[in-house]
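Dear colleague,

I am handing over the structure below, and would ask you to read the notes on helix packing that follow with the structure open beside them.

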Amino acid sequence: MRSLFIRSTRAYHSPSPPIYAADQIKSLSRRGQIISARKVFDDLSDLNKTVTSWNSIVAAYFENHLPNEAKKLFDKMPQRNLVSFNGLVSGYVKNGMINEARKVFDQMAERNITSWTSMVSGYVKAGMIAEAERMFWEMPDRNVVSWTVMLGGIIDDGREEDARKLYQMMPQKDIFTHTTMLLGLCKFGKLREAREIFDEMPRRNVNSWTAMISGYVHNNKVHIGRKLFEVMPEKNEVSWTAMLTGYTQCGRIEEARQLFEAMPMKSVVACNLMIIGLGHSGQVEKARKVFDSMTVRDDGTWSAMIKVYERKGFEIKALDIFTLMQNQRVRPNFPSLISVLSVCGSLASLDHGRQVHTQLVRSQFDVDVYVSSVLMTMYIKCGDLVKAKRVFDRFGSKDIVMWNSIITGFAQHGLAEEALKIFHEMFSTGIMPDEITFVGVLTACSYTGKVEEGFQIFESMTSKYLVDPKTEHYACMVDLLGRAGRVQEAMNLINNMPVKADAIVWGALMGACRTHMKMDLAEVAAKKLIELEPKNAGPYILLSNIYASQGRWADVAELRKTMREQSVSKSPGCSWLEVEKRVHFFTGGECGDHPDHEMIMKMLEKIEGLLREAGYFPDGSFVMHDVDEEEKVQSLRYHSEKLAVAYGLLKVPEGMPIRVIKNLRVCGDCHSAIKSKAIAFCCVRVSLGIVKNYEASLQISLPGDLQEFTCRGYQCFVHQSVVDAEQTCPDSQVLEIVQKKLMENEYDMVDSYRSEHCRSTRKAGIMLEGVGDNIFLCSTNDNVFQETQIQGTTTTTEFVP
């Protein structure tokens, strides 16, 4: 009895027999536990390391996408059999290494039907259907698996008739063959024939039922798919998901929600579908509830939630999700990075954009032409043309989208010479411009007053470039003439257009009329816009402003009454800025809900005092309400852009730009005030610096006693006495001279935009730039604070204290 006990105990503690070890290795491998699987193998004695166990560990490494380690083990095998070589071929095929698989196959002394089928399958997966067919017909023998693999390849190749012929030729068919052909016919839109195969199948499994349901779903026959779904003898996770896909794709979100709630197990894929479906239907909060309820998420989950927020205008929440994703150490996938880049462009969030760019480089996504285009767009919207041009230059094979992006970017920032230079360079490389190209080029001419050159390009569109002008091109020409003050010519062009003028054309005319005080034509254009877009608040507001500027308060009241009756509402103006990767929003008013309210109000008071010293006084003409001057001044005081700049002065470190973004056109009074702030704040601070510490990399002659130099990338003004004596002069003296010279516009013009360093020169420490609809661009690369109207969605204001 004692001896029996000892023997059984020893048997219990001995290493696993080889056959059990092989099963254990396979089990651990499927769960991704390759280290544990290797330990099981290593614990085997040399005697117990049979060919089977060696084959299992090699297969485990292939299954876990470690083909090099698998090959090293294969080379160490003391003996190999046909299964070993088939495993090597199959492993290479699974890892997409079809050439390596073929080399092993060609060297095999013995092959069987599995060897041949693995190679056929490999070529099919690699999309090399012709090579797969060649090998298939060379096979000495074929089984039902070989035929089915080849059938699937021909279906994937889109060859419907060849698939039918092969299906008819097959000597035998099993359930997988029927299901493959059924899926193929559904793919080709032949639902009736697919249903015939389904009905005639001698035996069906859950995959067959799911395939037929998916066929109906993807061919917009969701109601028939649902009927089939209801009579399924058994359903699995894939079946439920297929049906859910049908409802979400066709927008029947309520039925999708009911089905989702009825699901016995809610898979990650199903939850992702619901997030996307709910998001597309505008139910963003419900989409977020599904996201929050998930205990397991994959990269598709995070990508879906970010995409929903991005598409529905919740940019800040999209960035919050992205931050949460990083905090949980989830590596962003390609779609999520693209969505976040779009968000960064919309918010002009340069810090986040740079961070995403870094991740794209690490993941080697930046070599993709689409990614490069999105990157360029992001940098352009953030005002960093240097980085945008760098991305453009480093990409070898540029497509038309990249060329259009950089041309439009330079055009939006008023850099016509650069835009036109790139346009001609594009044509010389053999890339033909398209409609979008000409919108960018004509916009560049418009923003910089190149009327004659604009007309030459417009007239050459058809004759030289074979592009027929469309409404948007005529809108550019109307804008070109309007900016140049040739408003009547712009009106004549509209009357003689071969296409009907749309809202963009009339909007361009109205902007020009308002700028050049052609109020009669402006009123005509505004009324046309209201006819074309009765629910758009913009034309109502502009027409109201026209009436207000003429003191026609009764007409203003009547127009606002019409807006209320038509349920037309104006989007409230708001400004925001990013401080330490947190975005702070400000709307008009005293920002009482902001945690730093009191500090902001004190800073505003300080600013107002300095502005008065600089000669600034609020311009009540920008308040379009019938109130007295005192109320107008009070209203102007708390405009959102002023609050944002005040907060930036409090929180942004000295020497760093304060980047303020606004959703609407910048108020003219705020425009003037921010220029004066630049004088009041920047020049006083510069005058306290010790010039000998900085190398004057750019120095030009300025009138009076001012010197200009570049410090840390910013052009600054300093009194001559500082340069001569290497000491500071009185603040008031510098301030007085700078104010006078800036206001009188007496400086010599300096072309500070060069192709090799396309960044804004921030004279007096301020740069106003934007991509906003009817927004003023005040770019201080010249000293006249030239104003230019541009198109887009946001305004970026950089103010360097």
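**Two helix pairs**

Helix α6 (residues 82–94) packs with helix α7 (residues 98–107) at an angle of about 165°, their axes lying 7 Å apart; axes here are lines fitted to C-alpha atoms over the stretch in contact, with angles running from 0 to 180 degrees between N-to-C directions, and helices are DSSP runs of H or I of at least four residues, numbered from the N terminus. This is a predicted model, in which local features need pLDDT of at least 70 and side-chain atom pairs count only at pLDDT 80 or more, whereas totals for chains, interfaces and linings use all residues. Residues are numbered from 1 along each chain as its sequence is written, and side-chain values use heavy atoms, with hydrogens and water left out.

α6 and α7 are therefore roughly antiparallel to each other (an angle over 145 degrees). On the α6 side, the contact (heavy atoms within 4.5 Å) is made by Phe85, Leu88, Val89, Tyr92 and Val93, and on the α7 side by Ile98, Glu100, Ala101, Val104 and Phe105. By class, this contact of α6 with α7 has nine nonpolar, no polar and one charged residues (Ala, Val, Leu, Ile, Met, Phe, Trp, Tyr, Cys and Pro count as nonpolar, Asp, Glu, Lys and Arg as charged, and the others, Gly among them, as polar).

In the second pair, helix α28 (residues 435–447) and helix α29 (residues 451–463) have axes that come within 9 Å and cross at roughly 160°, which makes α28 roughly antiparallel to α29. Here Phe438, Val441, Leu442 and Cys445 of α28 meet Glu453, Gly454, Ile457, Phe458 and Met461 of α29, and the residues of that contact divide into seven nonpolar, one polar and one charged.

Technical notes
Parallel < 35°, antiparallel > 145°, perpendicular 65-115°, else oblique.
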